[in-house]
Amino acid sequence: MADVPVNFFHRQSHMTDETISTERSRRGFFAGASAQIGLFAIVALLWVIFSTLAPGFTSPINLFGIGRSLAVDIVIGFSQMVVLATGGMNLAVGSIGVCAVMLTGFLLQDAGMPIPVALAGGLLLGGALGWLNGFAIVKTGVNAFIITLASASLFLGAMLILSKAVPYNTLPPEVGQFGRMRIWGYVSPLLFIAIAIGAALYVLYRHTLLGRQILAAGANPRAAEMSGVPVGRVIIISHTLSGLLAATAGIMLVARLGAAMPSVGGEDWLLPSFLGPVLGGTLLAGGSVAVIGTMIGAALVTTIRSGLLVLQVGNFWLQLFLGLILLAAVMADRYRGVFLERRSLGRK
Amino acid sequence: MNSLLRRFLMVEWSGILAAIILGSALLAWLSPAFLTEFNIYVMLRSFCVALLVGFAQMVTLAVGQMNISVGALGGLVAVLAGGMMEKLGVPMILAIPAAIAIGALCGLLNGVLTERTGINGFIITLATASAFTGINLGITQSIPFYNMPPGLVAFGSDRFFAFPYLMIAPIIATILLGLFLSRTVPGRHLLAVGGNPHAAELSGISRGRITILAHTLSGTLAACAAILAVAQLGSAQPTIGSDWLLLSFAAPIIGGAALTGGHVSVLGTTLAVILIALIENGMVLAKVDPYWVQFVLGALILAAVWLNRWRAVKTGTD
Amino acid sequence: MQLSIEGVSKAFPGVQALDKVSFELRPGEIQALMGENGAGKSTLIKIITGLYRPDDGRVMIDGQEMSFQSPRDAIAAGIGAVHQERNLIPRFSVGENILLERLPTRNGLLDKDAIHNEARRYLDLLDRGIDTHTEVRSLSVAQMQIVEIAKALSLETKCLLMDEPTASITEHETEALFTLLKRLRDEGASIVFVSHKLEEVFAIADRVTVLRDGKNAALGEPMSTMTRQNLISLMVGREEHIVNKPQRSVDTGVVLEARGLQTSFGHRDISFSLKRGEILGLYGLVGAGRSELARAIVGAAPITGGEVLVNGKTADIRNVHQALNQFRIGYISEDRKNEGLILTHTIRENIAVTIWRRLAGALGLIRPSAELDAVMPYVERLEIRTPSVEQKVGNLSGGNQQKVSVAKWLAANVEILIIDEPTVGIDIKTKAYLHELIHEIAAGGTSVLLISSDMPEMVALADRILVMHDMRLVGEVANDRRYETVSNAIMNRIHAVEEERSTATAG
């Protein structure tokens, strides 16, 4: 064949329309960008609607309340997102969260530890429980769903046995004061913590070795393993991170409530933990994350919850709305072709 | 001896059976209350709802799917049945079939959504679970329907010596489900799709229709469980089903179901539910913290998963 | 049944799998369908069996245009098939598997006796030794294959598609199958027979259709007019494309050595050595255990005995991560879609995956510009055709995907590179590129273990050739670049081993 060059890699590359452009396409990492803009528009629309129907919706006190719950919802969403990135899931986020809550409460009230130590203890427990999940998943090769379903029950059971389900109500006043603190009259410092975590996660997935390895392992574990990515380690780290974030969300709740209650968390976190990431465009199949999307997704959930409350529709219909929104979101996504493309690519 | 033990362990439900025998012996020895007629009746009664809940999840696992909405669906069916009977005055004989039909429709909805959209069944049923719960709470405002027909309440509490009449339903369900899965064409096709979806499709089996069938069946079974729960409690509580999720997976998985689909055991699931009922009963008798049940159930699932794994490695299958 | 395919095309993201392909099958004939891996045979079969819908063209049965929506429709239209992949339900009995979609019932319940009697009838045509009550998962691979064939036969269709039905069965069973197929043909059935084994095709087929790169290279030619040689050249068209590289003698130190390796796949007593800058060929038929050996060496599968030495030191390699970072060994997998590439990731990420560790600075941060700088030379050097490195790999053509798969291991800058079937299913131009590249890599001092079942490729590139058969190394052949002598020497080794074994089992 005449057109096959003999020593082709010392040739000059011809610039044709087919050659490489180094221009950075926004499509990779920002795959869900259009979805996020749509989501953001929906949230904005809801704000307009709610504030028109109920003027109390934008009162400083309500804004402060929304911000506080938003902060917790965002971090709960993150704790699920970091395992969704690996193609797994963590049904134990709520259990881990409440375990961390109760340990923190115990350390503060019964053990009389200083606040930083107690916080560290709670976070450490969350990370450790997450690590246990990851370890069990990697070592047994059983899917994350069933392991974390079982461990959720195990952790929650152990916590209830040890704490006898008695809340810690007399925490040092600083805890509650932090939760009630308002910046500029209506912003909770908790929101800044959530945003800071979001920024850190953004950098993790966008710019670090570990983040890249997590996404590679999530998209195609076999190919990642065969390319030298330590997939098992990466999965364990992701679950540890998930536990740590769940504990963070739990501790934020302690600050918000000014007490450590055994009734927070548990199964109540399950739906919100998936809502944020999935609405925001994180694929359940793994290999992608949408940090900003998760935050907007959480905002949607918080907005609806607060709006229904202000409109006095009652919390009872909230569940129905959330379910329908989740359905609508995944189906809209499906018909935009993201899932379709994934499926056709994933097929042999 | 070792090889005998090994062969025993290879039978999927062997471990559960051994645990049941050992546990019963231990309880009989430790607590004189255990073998009384009333205690056995209490245990058998608690077994009824749990078994149907386990079956409801088992049929979705069989086809390689899952149904997060079993509990929510059950709760909705329970309050709809209760509402129809109390508020609308619909006779029991119509209200119960109607409520079960609604459960089947909800299952059908799960199946159609999963199949037509191609989205992961987990997320679909998580969403519908939330929607079902929402409708339930929206209708009842969390207030139970207390005035149930006396016939239904009697069915839920009367007994023949230690045998609760309530148990007739799960016995019939077990036989029908066993026959369905082992001896009927749709039942075999359901397991075929779970065992190797691609092969089933190439053999001319409609994968979509079978998946929808499994979800519909799951909804029907969950609805039956809900009706039994109403009969047992004597009122239609909106909280019915709220604690079914873990149980629904625990029973079939402890009973040896393959998480990847295609293999479930009606007998294993039944034994698993007996074991769970026994444990709960033992804890009540021993006056242990009720929270232990939750802990032990989680541990049991992990142990079962680990045992299945070990068995698969040993036999070199799966 | 008269089956005609007219001008059928089918495209997948990045690949034109079939390009206006035709095929015509008459009643009472056995027609061979041949082509290299990736030539489009499987796609064509999947269209005939209703699994894929063609983008263009017509499928006709007895002059009537068909539009299959699913395998169900194809079966209903009278097309039975033995597919290449295993299509049995592991936990079902042999009998149930054979009659899966039309299980006989009595009073609404399965009629177990009828199932087993019915299944028995078809199974007896091939093998009396398999019990219809056995669960399929406890059968051997060969037995499963027999069950698959019995299952296709049981449809009693006038048209049978057999995609490599003999891949895993014994010679004896193959003979029984052939007798049966000939009888069915004489009774008027139309049979499509797909096989890589030339002897079989010559033994059984009446006519042959050859596909190459998704196009017809031959359409229904009578076998009587074919010789082995022109059948091969129709399939590969390769003589004119493969350029032999100059012969080299590599006389350097040993970088990789295997001593008496054993694996759980069944490898026994594998010993060889690879020198610096050498291209060591590892030839063997499909199933000889070459890829499995490679996987064991890079730590992706367990080694159960013997040892691997890297640069003279015993190396206990437990995973690819270690192989890459500690021992500088890379493995370019033949299974590009599942193991080689992350299709949903970009070209940039796919190439950089092996070097992220190297690129990461303080706190594990990776600078995007550094990543791009590291990746671009390889994209340019391999001339990967794409509008942007941010393109998802899944959208590239097969040839460009393979280039990405190679590029990431070039970027890794390993000392030892195991390359597994580098040119399967890719276009001829890319193939020539890759041959050139492999030669250059070795000239640059990288040691290459080249796995290929493409004989001309082996002869063109390798310095020495190891012959593997049935999980053992059965010989080493010096490569003097003379195709006839080298290929004969290799095939003789394999045949000798086969003969030894059959005399051993006979005696």
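This is a predicted model: local features need pLDDT of at least 70, side-chain atom pairs count only at pLDDT 80 or more; totals for chains, interfaces and linings use all residues.
Residues are numbered from 1 along each chain as its sequence is written, and chains are lettered from A and ligands numbered from 1 in the order in which they are written.

Chain C is assigned domain 1 (3-236) and domain 2 (254-506), with bounds that come from an automatic or database domain assignment. Taken over C-alpha atoms, the centres of these two domains of chain C are separated by 33 Å.

Chain C also contains an open, mixed sheet of six strands in the order E18-E19-E20-E15-E21-E22, where strands (E, at least two residues) and helices (H or I, at least four) are DSSP runs numbered from the N terminus, and two strands pair if DSSP finds at least two bridges between them. Its edge strands, each pairing on one side only, are E18 (329-332) and E22 (472-478) of chain C, and the twist from one strand to the next averages 20°. Strand E21 (residues 464-469) of chain C runs antiparallel to E22(C), to which six bridges join it; C:Val467, for instance, has C:Gly475 in E22(C) as its bridge partner.

Helix H9 (residues 290-297) of chain C lies across E15, E18, E19, E20 and E21 of chain C, running at about 150° to E19(C), with angles taken from 0 to 180 degrees between N-to-C directions and axes fitted as lines to C-alpha atoms, for helices over the stretch in contact. Helix H16 (residues 428-443) of chain C also packs on the sheet, where it touches E15, E19 and E20 of chain C and makes about 150° with the direction of E20(C).

In chain A, the axes of helix H8 (residues 209-219) and helix H10 (residues 231-257) come within 9 Å and cross at roughly 105°. H8(A) and H10(A) are therefore roughly perpendicular, a term that covers 65 to 115 degrees. Among the residues that make the contact are A:Leu210 and A:Ile214 of H8(A) and A:Val234 and A:Ile235 of H10(A).

Between chains, 19 residues of chain C are in contact with 19 residues of chain B, contact meaning that C-beta atoms placed from the backbone lie within 7 Å. On the chain C side, helix H2 (71-76) and strand E8 (109-110) are the elements that give two or more residues, and H2(C) supplies the largest share, three residues.

Methods
Two residues are in contact if their C-beta atoms, placed from the backbone, lie within 7 Å. Angles under 35 degrees count as roughly parallel, over 145 as roughly antiparallel, 65 to 115 as roughly perpendicular and the rest as oblique.
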